[in-house]
Amino acid sequence: MAEAYNVQEIEAAWQRRWLDEGTYEVDNDDPRPPFYCLSMYPYPSGEAHMGHVRNYTLGDVVVRHRTMHGYAVLSPMGWDSFGLPAENAAIKTGIHPREYTDARIAELKASVRRLGAAFDWRREIESHDPLYMRWNQWLFLRLLEAGLAYRATAPVNWCPGCQTVLANEQVLPDGTCERSGDVVTKRDLEQWLFKTTDYAQELLEDLDALDWPERVKTIQRNWIGRSEGAEFDLPVADPHGQPRGDRLVIRVFTTRPDTSFGMTYAVVAPEHPIVTELVTDEQREAVDAFVARVRSETEIERLSTEGALEKRGVFTGSYAVNPFNGRPVPVYLADYVLMGYGTGAIMAVPGEDQRDWDFAKAYGLEIIRTVEPPEGWEGEAYTGDGPAINSEWLDGLSKNDAVERAMAWLEEQGIGERKVNFRLRDWLVSRQRFWGCPIPVVYCPEHGIVPVPDDQLPVLLPDDVEFRPTGESPLKFHTGFLNTQCPRCGGPATRETDTMDGFVESSWYFFRYTDARNEQAAFDSDVVAHWLPVDQYIGGIEQDILHLMYARFFTKALADLGIGPKEVREPFGRLFNHGVVRLGGRRMSKSRGNIARPADLFESHGADALRLYHLFMAPPGDEVDWTSGGIVGTSRFLHRLWRLADPASELAASAVERTTTDADAELERATHRLIARVSDEYERWSYNTAVAAFMEFTNGIYKYVQGESGGSAETLGFAVDTLLLLMAPMTPHVCAELWERRHGTHVHEQPWPQADPALVAEATVTMVVQVDGKLRDRIEVNSSIDDATAGELALASPKVRAILGDRHPAKVVARPPRLVNIVT
């Protein structure tokens with residue numbers, strides 16, 4: 001007698017077996033071809049929500065699918081365990097962030113295991129583990145030695161609530177912190193930075209070869225922001241409009257030096273060091289007030305196109321000389337010009353730039369067109385191409401010729417040069433918080449910045465710390481941590497109290513996974529070369545700027561330093577971004593209390609039903625609004641599968657041995673068509689349509705066995721076995737249980753089924769016949785019918801002949817075997 005489908009018992013048993021037997025543990029010397037599948041490692045904020053379920057279900061499907069294709073699949077897991085939430089919890093509760101984090105890891109790990117996700121847990125890493133911290137700090141020191149890490153004063157976004165520096169992406173459009181909601185201000189701080197700009201060109205060029213979504217590559221290209229143009233000097237003018245005797249100049253960058261005859265003013269960033277030398281006594285009060293206001297604004301606010309331009313700039317009182325025509329032009333400050341891009345100063349050509357046009361109108365400045373607009377142009381700034389006008393010796397030249405001539409003139413005059421600029425800036429890695437990896441340097445009164453020797457790593461965070469309500473890092477006040485000896489002279493020194501940006505740890509964790517228990521090195525370069533680049537990387541779109549950029553920088557830098565393999569210069573060969581799971585129209589977020597937990601559904605319907613529902617509800621790249629109602633349907637489907645595939649079921653017992661019937665042959669063909677269709681859908685990540693195919697095929701099997709002639713044991717067995725093999729990556733528990741009951745072996749160790757092309761082809765199909773695009777007939781035809789025969793059959797149709805009469809068609813468009821359209 002068939003047993004009931006006991007979801008909880010079956011899933012728990014298989015999860016224990018996979019773990020105990022090391023089913024998905026892969027050694028580095030595995031003889032099978034390697035395949036590295038990696039889901040972005042999560043911040044451990046507690047038990048899983050539906051966003052985690054979607055992410056790790058997708059990754060698990062890939063792992064099991066590629067394993068059945070004969071690959072040794074590396075599927076590691078770990079925890080991005082440093083971060084502000086644990087520190088904020090410590091401030092509120094007094095619980096040390098380590099204790100808090102370890103508890104959250106245990107919760108999320110239990111949820112991930114309950115999902116049935118296949119990971120090699122021997123390779124598990126945690127950012128806050130002392131061994132990982134040791135090698136994280138060791139890598140920092142290698143970058144420092146190579147000049148790729150340095151310290152400098154930099155204006156930063158400062159959150160007074162979090163008491164730390166924020167990246168631009170962490171500042172909301174309204175100028176507040178994304179986590180605390182406090183108004184973000186600007187501060188000048190001594191900061192540690194990595195020289196990502198040294199790799200700007202390579203980071204840009206290498207995007208072309210990556211199998212990433214084009215949208216992601218476009219985001220990366222725009223963030224790098226390569227601009228080709230010219231840099232040249234604008235001499236600051238004296239009261240008579242001539243260059244000042246002190247030879248003070250404003251260096252500007254432009255991509256269009258050919259438009260320089262239309263420069264009617266210049267703009268300097270408010271934080272530019274030249275500002276103090278430009279401001280006249282009459283304008284000092286207004287300039288000081290403007291600069292103070294701008295320093296409280298975020299970069300996002302400054303680059304916004306909103307707001308009255310009359311309030312976004314101020315006249316310095318000084319003029320600069322346009323070297324192209326010798327005319328003095330007023331020098332302004334404006335909030336939308338940033339010190340971090342180009343030279344921090346621009347020439348303004350309002351005739352060819354809309355923002356310059358608007359600014360000129362707001363401040364009553366002259367507008368001179370230097371590119372001829374098309375006839376009838378009634379717009380404002382003209383940003384298109386056209387012959388040069390009002391440009392003396394450039395007049396009449398095309399854009400390319402005018403640009404080249406203008407650049408050559410600047411070089412001939414010795415006042416400018418060709419220049420490539422990038423929007424990308426060096427990576428600011430300092431964070432003024434406790435729960436992060438300490439930066440391994442000390443400050444010695446005698447020797448300045450001194451690296452901590454390798455044999456003294458890791459520098460660990462103290463346990464006996466007091467978290468103050470102000471949010472300030474307790475490292476600043478912990479004398480045991482702060483006070484130390486200089487490794488060089490033995491004299492008193494102080495430790496760096498900043499910790500590293502969490503993106504540092506996530507920029508090389510995929511290297512460490514390949515050699516996670518190595519105590520002698522961060523990783524073995526040969527082992528990394530065996531596995532990297534990652535064959536399939538999976539994660540959310542929100543990581544598409546910073547994490548991916550920094551991981552790419554690290555990979556290139558480590559290759560150049562001889563730490564990583566020289567042939568591996570990109571970390572992730574293929575990238576997939578899953579869609580966001582929303583609840584009530586908002587992205588799920590634990591910090592905002594907007595989550596749906598899977599725990600209850602695990603208990604009521606099981607992990608397989610939940611996994612299948614996530615895969616069925618929408619294409620994996622689409623955003624979805626979570627509702628749990630649909631899981632009833634996937635659960636019901638799995639119970640139908642159980643009754644069909646359990647070898648002790650009544651349906652299985654009803655099948656008989658017999659010679660092949662037409663019904664048997666058709667089910668065999670349908671099975672091969674399913675293999676072909678679903679195999680293609682797995683490759684295209686079209687999992688929702690694959691699930692629909694499984695349901696449709698299962699219905700077909702039920703009709704087959706419940707038909708008048710019943711089912712053939714051989715044909716039914718082949719169909720059911722194929723269904724279990726194809727579903728095994730999606731619903732691993734139930735398929736493993738049913739396969740073992742049927743064959744005594746492990747379904748995930750079986751090879752992926754192969755379709756017979758001869759059986760995939762349908763013997764006959766329905767060909768639609770149209771006349772002038774309107775349906776007129778349907779004809780059953782051989783699936784291999786050619787164009788000429790299809791056209792002849794269509795024209796011979798009585799229904800078509802009745803419409804055509806004596807007329808001859810103008811054209812017959814044949815698309816065999818599905819369609820013929822007769823055009824009259």
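## Basis of the model

Because the model is predicted, local features are given where pLDDT is at least 70 and side-chain atom pairs count only at pLDDT 80 or more, whereas totals for chains, interfaces and linings use all residues. Residues are numbered from 1 along each chain as its sequence is written, and side-chain values use heavy atoms, with hydrogens and water left out.

## Overall make-up

The protein has 824 residues, of which 53% are buried. Here, buried means under 20% relative accessible area, exposed means over 50%, and partly exposed lies in between (1.4 Å probe, protein chains only). The C-alpha trace spans about 105 × 90 × 45 Å along its principal axes.

The secondary structure comprises 28 helices and 30 strands. Helices (H or I, at least four residues) and strands (E, at least two) are DSSP runs, numbered from the N terminus. Helix H19, residues 607–617, contains Ala607, which counts as buried because its relative accessibility is 0%. Between the C-alpha atoms of Ala607 and Gln432 there are 41 Å in space, and the two are 175 residues apart in sequence.

## A strand hairpin

Strand E17 (residues 441–444) and strand E18 (residues 448–451) run antiparallel and are joined by four bridges. Strands are taken to pair if DSSP finds at least two bridges between them.

## Salt bridges

The structure holds 56 salt bridges, each defined as a side-chain nitrogen of Lys or Arg within 4 Å of a carboxyl oxygen of Asp or Glu. Side chains of opposite charge can pair when their charged atoms come close. One of these bridges joins the side chains of Asp60 and Arg64, at 2.8 Å from N to O. Asp60 and Arg64 are four residues apart in helix H2 (residues 50–68), and are therefore separated by about one helical turn. Asp60 is buried at 2% relative accessibility, and Arg64 is buried with a relative accessible area of 1%.

Another salt bridge is formed by Asp211 and Arg574, whose closest N and O atoms are 3.4 Å apart. This pair links distant parts of the chain, 363 residues apart: Asp211 is in the loop between helix H6 (200–205) and helix H7 (214–224), while Arg574 is in the loop between helix H17 (546–560) and strand E23 (575–578). Asp211 is partly exposed, with a relative accessible area of 45%, and Arg574 is partly exposed at 30%. The side chains of Arg251 and Glu231 also meet in a salt bridge, at 3.3 Å from N to O. Arg251 belongs to strand E9 (residues 249–254) and Glu231 to strand E8 (residues 226–235), 20 residues apart. Arg251 is partly exposed, with a relative accessible area of 25%, whereas Glu231 is buried at 9%.

## A negative surface patch

Glu657, Glu668, Glu714 and Asp756 form a negative surface patch. Patches are made of residues with over 30% relative accessible area and no salt bridge; like charges are joined within 9 Å, and nonpolar side chains (Val, Leu, Ile, Met, Phe, Trp, Tyr) within 5 Å. Glu668 is located in helix H22 (residues 662–683) and counts as partly exposed because its relative accessibility is 34%.

## Backbone features

Most residues other than glycine have a negative phi, and most peptide bonds are trans. The peptide bond from Leu457 to Pro458 is cis, with omega near 5 degrees, and Pro458 lies in the loop between E18 and helix H13 (479–482). Pro816 and Pro817 are also joined by a cis peptide bond, with omega about 5 degrees. Pro817 is in the loop between strand E29 (811–815) and strand E30 (819–823).

Trp685, a residue other than glycine, has a positive phi near 60 degrees. Its place is in the loop between H22 and helix H23 (687–705), and Trp685 counts as buried at 7% relative accessibility. Asp772 has a positive phi of about 55 degrees and lies in the loop between strand E27 (764–771) and strand E28 (774–782). With a relative accessible area of 43%, Asp772 is partly exposed.

How values were computed: Accessible areas come from the Shrake-Rupley method with a 1.4 Å probe; for residues, only the protein chains shown count as cover. Lys and Arg count as positive and Asp and Glu as negative; His and the chain ends are not counted. The place of a charge is taken as NZ of Lys, CZ of Arg, CG of Asp or CD of Glu.
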